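Hi everyone, thanks for coming. Please have a look at the picture on the screen, and I'll walk you through it step by step.

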Protein chains: 2
Amino acid sequence: MDKKSYRSSIISTATRLFAESGLYGVSIRELSAAAGVSISMISYYFEGKESLYASVLQEQFSCFEYLQTIRDKSATPLEKIEDYIRWSIQRNRDYPFLLRYYTSELTNPTRHFSVIVQPALEKALQTLVEIIKEGIDKKLFRDELDPEDTALAMAGMVNYYFLSRLATQEFINHSPERDEELIRHYMDIFTKGL
Amino acid sequence: MDKKSYRSSIISTATRLFAESGLYGVSIRELSAAAGVSISMISYYFEGKESLYASVLQEQFSCFEYLQTIRDKSATPLEKIEDYIRWSIQRNRDYPFLLRYYTSELTNPTRHFSVIVQPALEKALQTLVEIIKEGIDKKLFRDELDPEDTALAMAGMVNYYFLSRLATQEFINHSPERDEELIRHYMDIFTKGL
DNA sequence: GTCTATATTGCGATAGAC
DNA sequence: GTCTATCGCAATATAGAC
């Protein structure tokens with residue numbers, strides 16, 4: 001089936017398995033079996049399990065580089081916020097396991113947190129903070145708003161939609177077809193309040 | 001120091017260690033050493049590591065029972081929302097490890113998820129959904145609001161404040177003294193928008 | 001109840017054949 | 001590059017002494 005190299009086959013299998021069970025919840029035996037390669041291939045292509053995990057993390061968080069594009073855009077703060085929300089949602093669609101690494105590293109950080117995860121998350125939040133500050137400066141948003149708290153609230157809103165999926169899928173429709181409706185709804189809440 | 005029994009000493013040590021490293025990230029050797037008891041005490045008081053983890057989960061999620069009190073209160077929907085937010089924040093203060101189990105089980109569910117975690121989270125969200133529906137019925141909130149999405153947005157906002165702590169503590173003050181200010185700010189965002 | 005000692009299993013890593 | 005076989009270690013669990 002797969003015409004991929006062993007190396008990329010290991011990476012993609014590891015991405016799924018580490019996400020599903022965590023770094024310590026999966027053995028390199030299971031992992032190599034699932035990838036259809038011998039156990040020794042993990043040390044051959046990477047420097048062991050720990051290093052494979054770091055490679056997975058690196059790949060997963062590379063999508064945060066797109067933030068610079070939102071930052072550099074010439075658009076109104078409100079348009080930028082919509083861009084940010086749309087990007088956040090699409091990011092979770094394109095990288096279905098990202099949130100697991102994200103939360104796993106936030107709550108049980110490995111030694112890669114400060115190198116890979118923290119900078120990405122900080123950049124994401126700072127981007128949002130800048131947009132909100134710009135909106136306050138231009139008198140588009142109320143100046144009672146605390147930019148940091150507001151940014152965190154927005155980011156939390158979107159991420160929690162995906163994070164809570166397993167507990168809410170019985171009564172909340174999580175299908176991608178509803179994503180644009182969701183964006184409109186989130187923008188609506190934040191611009192008009194209840 | 002501790003006048004507690006071995007059983008409760010094991011539980012409280014396990015609560016911290018499982019939270020810090022996950023179920024598979026800590027061995028019963030470390031755990032018993034940290035608790036100052038022999039390794040065999042874990043099988044004596046519990047039925048092994050897995051069962052100890054279940055006991056920890058059960059204890060951590062018992063605080064969701066308080067939700068009934070909010071539900072039964074006679075208060076306006078807006079007051080109930082403020083109660084809910086205050087309870088959420090206080091819950092994270094009183095149970096500093098709860099969010100780790102919460103997110104760990106949401107992203108890497110063990111076999112206890114559906115028994116202990118899912119019911120608690122569903123009840124929390126449904127409580128919020130009911131409050132919002134009541135507000136819409138009484139024409140206090142706009143009827144364009146989707147109750148489920150709005151409830152999820154609120155819950156996400158509060159939880160993300162705590163979840164993101166490790167990545168945001170450099171530029172966001174997380175001290176409990178600021179909790180009431182935070183509640184006012186969240187209520188402000190949701191009632192007035194940006 | 002609590003301990004030490006041990007049985008057994010599975011782990012990560014690698015040597016060496018091909 | 002890729003495999004099999006194996007080393008050395010750490011895991012959980014428990015038997016049996018006290």
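Reading along the sequence, chain A follows the pattern α-α-α-α-α-α-α-α-α-α-α. In other words, chain A has 11 helices and 0 strands. Helices (H or I, at least four residues) and strands (E, at least two) are DSSP runs here, numbered from the N terminus. The C-alpha trace of chain A spans about 60 × 35 × 30 Å along its principal axes.

Some ground rules before we go on. This is a predicted model, in which local features need pLDDT of at least 70 and side-chain atom pairs count only at pLDDT 80 or more, while totals for chains, interfaces and linings use all residues. Residues are numbered from 1 along each chain as its sequence is written, chains are lettered from A and ligands numbered from 1 in the order in which they are written, and side-chain values use heavy atoms, with hydrogens and water left out.

Let's start with the two protein copies. Two copies of a chain are related by a rotation about an axis and a shift along it. What rotation superposes chain B on chain A? A rotation of 180 degrees, with 0.0 Å of shift along its axis, and the RMSD is 0.1 Å. The two copies are thus related as by a two-fold rotation axis. In chain B, the C-alpha nearest that axis belongs to B:Gly193, 1.9 Å from it. The superposition is by least squares on the C-alpha atoms of residues with pLDDT of at least 70 in both copies.

Now, the place where the copies meet. Here 58 residues of chain B are in contact with 58 residues of chain A, where contact means heavy atoms within 4.5 Å. Of the interface residues of chain B, 100% are also interface residues in chain A, so the copies meet through the same surface.

The size of an interface is often given as the accessible area lost when the parts come together. Chain B and chain A bury about 5,100 Å² between them, 65% of it on carbon and sulfur atoms. That buried area is the accessible area (1.4 Å probe) that two parts lose on being put together, summed over both.

What about charged pairs? The rule finds 4 salt bridges across the interface of chain B and chain A, a salt bridge being a side-chain nitrogen of Lys or Arg within 4 Å of a carboxyl oxygen of Asp or Glu. One of them joins the side chains of B:Arg142 and A:Asp188, at 3.0 Å from N to O. Which helix gives the most to the side of chain B that touches chain A? That is H9(B), with 13 residues. By class, this side of chain B has 29 nonpolar, 16 polar and 13 charged residues. For these classes, Ala, Val, Leu, Ile, Met, Phe, Trp, Tyr, Cys and Pro count as nonpolar, Asp, Glu, Lys and Arg as charged, and the others, Gly among them, as polar.

On to the DNA. DNA strand C is surrounded by 16 residues, and the closest are A:Ile28, A:Lys49, B:Ser38, B:Ser40 and B:Tyr45. A residue is near a strand if one of its heavy atoms lies within 4 Å of it. Sugar and phosphate account for 59% of the atoms of DNA strand C that come within 4 Å of the protein.

Let's zoom in. The side chain of B:Ser40 has an N or O atom 3.1 Å from a base nitrogen of DNA strand C.

For DNA strand D, a polar side-chain atom of B:Arg29 lies 3.0 Å from a base nitrogen. Here H3(A) gives the largest share of the nearby surface, 4 residues.

One last stop, inside a single chain. A:Glu82 forms a salt bridge with A:Arg86, their closest N and O atoms being 3.0 Å apart. Why one helical turn between them? A:Glu82 and A:Arg86 are separated by about one turn because they are 4 residues apart in helix H6 (residues 77-94) of chain A.

Notes: Polar contact = N/O pair within 3.5 Å; in protein donor to acceptor, adjacent residues only side chain to side chain.
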